Amino acid sequence: MDADIGTRISSGVSMGVLLLLAFGIYHRHRPRVHIPVMLVSFVIDLANVILIEVRRGAVEKAISTASAPGEWILKLHIAVSVLSLAGYVSAIITGLRLLRKNQGRHVHRVNAAAFIFLRVMNYLTSFYV
Ligand code: HEM
């Protein structure tokens with residue numbers, strides 16, 4: 001695959017975040033490790049999205065192709081990307097509840113499973129857009 005240097009850096013960062021997430025989940029029962037690692041992953045992922053937007057105008061491309069036929073892989077990529085960012089937000093909300101009240105462990109776990117699926121899909125589909 002012929003990708004420019006910026007795209008390669010973004011892909012490398014994205015893979016790095018996946019490894020960081022795996023590390024954070026491995027330490028899921030050690031909140032002092034788990035929480036900062038997950039929050040840092042979120043910040044890096046957000047920064048990476050902003051970088052891609054600045055370089056390639058990804059949001060404009062997403063909007064302009066939203067109602068166009070075809071490009072289903074791009075639409076899938078956009079969908080899993082937006083949903084995985086939403087997954088971070090709900091992980092923070094459910095995680096804070098778990099931390100403060102020791103409630104909602106099941107919800108946090110189910111959110112985590114959905115989030116990881118979406119985040120891996122985000123990485124895989126990024127090579128086809
Ligand atoms: C995408 C980000 C995150 C994922 C995928 C994730 C995933 C998980 C998983 C799988 C567990 C184990 C649940 C169980 O079966 O017992 C866990 C535990 C926990 N998480 Fe998260 N988490 C994320 C972010 C956060 C954040 C941002 C916070 C806090 C603000 C947080 C707080 C906690 C707490 C307090 C526990 C329980 C630790 C314990 O067992 O003592 N998580 N998380």
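1. N102 is found in the loop between α4 and α5 (helices being DSSP runs of H or I, at least four residues, numbered from the N terminus). N102 counts as exposed because it has 8 C-beta neighbours inside 10 Å (exposed means 12 or fewer other C-beta atoms within 10 Å of its own, with C-beta atoms placed from the backbone).

2. Quick caveat: this is a predicted model, where local features need pLDDT of at least 70 and side-chain atom pairs count only at pLDDT 80 or more, while totals for chains, interfaces and linings use all residues. Residues are numbered from 1 along each chain as its sequence is written.

3. On to the helices either side of that loop. The axes of α4 and α5 lie 8 Å apart, at an angle of about 150°, so the two are roughly antiparallel (angles over 145 degrees, between N-to-C directions). The contact of α4 with α5 is made by 12 nonpolar, 11 polar and 2 charged residues (Ala, Val, Leu, Ile, Met, Phe, Trp, Tyr, Cys and Pro count as nonpolar, Asp, Glu, Lys and Arg as charged, the others, Gly among them, as polar).

4. Now the ligand: 20 residues surround it, the closest being R28, M38, A91, G95 and A112 (the criterion is a C-beta atom, placed from the backbone, within 6 Å). By class, this shell has 13 nonpolar, 4 polar and 3 charged residues.

5. Which helix gives the largest share of the shell around the ligand? That is α4, with 7 residues. Helices α2 (31–56), α4 (72–101) and α5 (105–125) each supply at least two.

Methods
Axes fitted to C-alpha atoms, helices over the stretch in contact; angles between N-to-C directions. Parallel < 35°, antiparallel > 145°, perpendicular 65-115°, else oblique. Buried ≥ 20, exposed ≤ 12 C-beta atoms within 10 Å, placed from the backbone.
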